[in-house]
Structure formats: C-alpha cells, structure tokens
Amino acid sequence: YATWRRQNEPTVADFARMTRDWQQFRYQPTISLVVPVYNPDRAFLEAMIDSVLAQLYPHWELCLADDHSSQAHVRDVLEHYQTLDTRIKVIVGTLSNTRHPH
C-alpha cells in the first residue's frame, strides 16, 4: 500500500487543479455527511473529523449523531469540533430512544 500511495498521492499541482476545477462548477451543492457516533476511540473520532475538515471542496456539512455515548471524551471531542467549524453539527440522541407504535 505504501508504494501505491507514494505513486498515486496527489501533488501540490493536483490540489491546485482540483481547487480550480470545483470553483468553476456552475452548481456547487452542499454535501451532507451523516455519521452515527457511539463510544468511538478518541483518536479514530478525531481522525475522521480531521479528514472531513481537510477536504478541498468547502461546501459540506458534517452531521454527527451521538446516541448518548457513555465515554466522556466523545462529548468533549464533538463539542470542540462543533465550535471550530460551523459546518459541523452535533445531535445527541436518535430514533432508537423514541417509542414507535406497533
């Protein structure tokens, strides 16, 4: 994988071209990423959010749905990132907590 990655990783020129390309789109939709969250490892959660923040295309929103994680770091990480970028939305609780008629 390391060899493939070195041979295929985008260059600075590739990133510049990709940025120019998306800026020329007539239609620039907002891409919504919806991610369920329940007690992930801190490092994995941060890496996932950082990977979204690193995207070249700026028209996105990251919707993180935390199903009442019991590990304290989860809330801390979600709140931290939500304050860093207005495109990150955090919702606590999901439909699993709602009673549905039979």
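Tutor: Happy to! Helices (H or I, at least four residues) and strands (E, at least two) are DSSP runs, numbered from the N terminus. The model is predicted, so local features need pLDDT of at least 70 and side-chain atom pairs pLDDT 80 or more, while totals for chains, interfaces and linings use all residues. Residues are numbered from 1 along each chain as its sequence is written, and side-chain values use heavy atoms, leaving out hydrogens and water.

Student: Is Asn-39 buried or exposed? And what about His-68?

Tutor: Buried means under 20% relative accessible area, exposed over 50%, and partly exposed in between (1.4 Å probe, protein chains only). Asn-39 has 17% relative accessibility, so Asn-39 counts as buried. His-68, at 45%, counts as partly exposed.

Student: New topic: how do helix 3 and helix 4 pack?

Tutor: Helix 3 covers residues 42–53 and helix 4 covers residues 72–84; they pack at an angle of about 15°, with their axes 10 Å apart. The axes are lines fitted to C-alpha atoms over the stretch in contact, and angles run from 0 to 180 degrees between N-to-C directions. The two helices are therefore roughly parallel to each other (angles under 35 degrees count as roughly parallel, over 145 as roughly antiparallel, 65 to 115 as roughly perpendicular and the rest as oblique).

Student: Which residues of helix 3 and helix 4 make the contact?

Tutor: Contact means heavy atoms within 4.5 Å. Helix 3 brings Arg-42, Leu-45, Glu-46, Ile-49, Asp-50 and Leu-53, and helix 4 brings His-73, Val-74, Val-77, Leu-78 and Tyr-81.

Student: Tell me about Arg-42.

Tutor: Arg-42 lies in helix 3, and with 36% relative accessibility Arg-42 counts as partly exposed. Apart from neighbours within four places in sequence, Arg-42 is in contact with His-73 and Val-77. Arg-42 and Val-77 are 35 residues apart along the chain, yet their C-alpha atoms are separated by 7.5 Å.

Student: And Val-37?

Tutor: Val-37 belongs to strand 1 (residues 31–37) and is buried, at a relative accessible area of 4%. Not counting residues up to four places away in sequence, Val-37 touches Leu-64, Ala-65, Asp-66, Asp-67, Ser-69 and Val-74.

Student: How many aromatic pairs are there?

Tutor: Rings of Phe, Tyr and Trp (its six-membered ring) pair if their centres lie within 6.5 Å; planes under 30 degrees apart count as stacked, over 60 as edge-to-face and the rest as tilted. By this rule there are two aromatic pairs. Tyr-1 and Trp-4 form a stacked one, 6.0 Å centre to centre with 25° between the planes. Tyr-1 and Trp-4 are both exposed. In the pair of Trp-22 and Tyr-57, the ring centres are 5.6 Å apart and the planes are at 85°, so this pair is edge-to-face.

Student: Where do Trp-22 and Tyr-57 lie?

Tutor: Trp-22 is in helix 2 (residues 12–23) and Tyr-57 is in the loop between helix 3 and strand 2 (60–66), so the pair ties together parts that are 35 residues apart in sequence. Trp-22 and Tyr-57 are both buried.
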